[in-house]
Amino acid sequence: MRWITLLLCVFSFGVLSEIRRDNNDLTQFDQPFLLGDWYLVNPSPAEGPDTFLAIKLTLESNYTFSIDIQKQDYSIEHWEGLFTANDDTIILGLNSDEPQAYSYSGNHNMLNLNGVVFTKALSNALAGIWSSVSVTGNDEHAQEIARMDLILQPDFVFTFRVSSSDGDEAIHSGVYYTEDDHIVLLYKDGEHDATYTLNQDELTLEVEGGDMFAVLNRIR
């Protein structure tokens, strides 16, 4: 596509690896920080050889991608297909006649593609301060939890605090990523992989098939 060539200065070479199979366990994805919705807003849409207002790039754990480019007339140009990636290179359009490869770097909320910086954004209202209404589960540790507080920032940083009925407290801070109804919390000494349901100001979390089930209300 013309916009990719002009914007990112594409270079081409062979496919790095075979497409991997679907895997519902996001913790097994090789480059988890790539997952999500990435946005680029053009600060000067009237300038440059190919004018656009914004670009949205979505990368999913089943190695599919989609790109939407909003033009100045508000029309949308769409491209989708398969991708693969290693630690510093991503190839888009493996199922196309001309796969396009880019060098990349980044972190939990920034993605640099050939020098062009995209910012990750949540697709829903998950960000906020949440406090537990109830915590249950099959795991004995879940039964000891008296209160759970979770802060999810829109920049994909979190703080997680758990208090026991005995007054003991544990606090973890780190970064998180999401896909569909899955959320993974990464911190220094471990990670939590959970599914969630968001219903306005109520958030439910289920960890490892029922080991813990928590209902939290939004504080703000």
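Predicted model: local features only at pLDDT ≥ 70, side-chain atom pairs only at ≥ 80, totals over all residues.
The chain has 220 residues, of which 42% count as buried. Its secondary structure comprises 2 helices and 16 strands. Among contacts with a separation of 6 or more, 44% are accounted for by residues 24 or more positions apart. The chain exposes about 11700 Å², and carbon and sulfur atoms supply 47% of this area.

Confidence was examined along the chain. The average pLDDT is 85, and 88% of the residues score at least 70. Over residues 1-23, by contrast, pLDDT stays under 50.

A run of pairings links strands β9, β10 and β11. Strand β9, spanning residues 128-136, pairs with strand β10, spanning residues 145-152, in the antiparallel sense over 4 bridges. Within this pairing, S131 has D149 in β10 as its bridge partner. Strand β10 also pairs with strand β11, which covers residues 157-164; this pairing is likewise antiparallel and extends over 7 bridges. Here I145 stands opposite S164 in β11. The two strands β10 and β11 form a hairpin, with 4 residues between them. In the turn of this hairpin, F156 has a positive phi of about 70 degrees.

S66 lies in strand β3, which runs over residues 64-70. The relative accessible area of S66 is 18%, and S66 is therefore classed as buried, the cut-off for that class being under 20%. Leaving aside residues up to four places away in sequence, S66 touches K56, L57 and T58, together with H78, W79 and E80.

S105 is found in strand β6, which comprises residues 100-106. With a relative accessible area of 40%, S105 is classed as partly exposed, because this value falls between the 20% limit for buried residues and the 50% limit for exposed ones. When residues up to four places away in sequence are not counted, S105 touches M110, L111 and N112. A separation of 9.4 Å was computed between the C-alpha atoms of S105 and V117, which are 12 residues apart along the chain.

Conventions:
Residues numbered from 1 in each chain as written. Heavy atoms only, no water. Buried < 20%, exposed > 50% of the residue type's maximum accessible area, 1.4 Å probe, protein only. Contact = heavy atoms within 4.5 Å. pLDDT = per-residue confidence, 0-100. Areas by Shrake-Rupley, 256 points an atom, 1.4 Å probe, with all protein chains shown as cover. Pairing = 2+ DSSP bridges.
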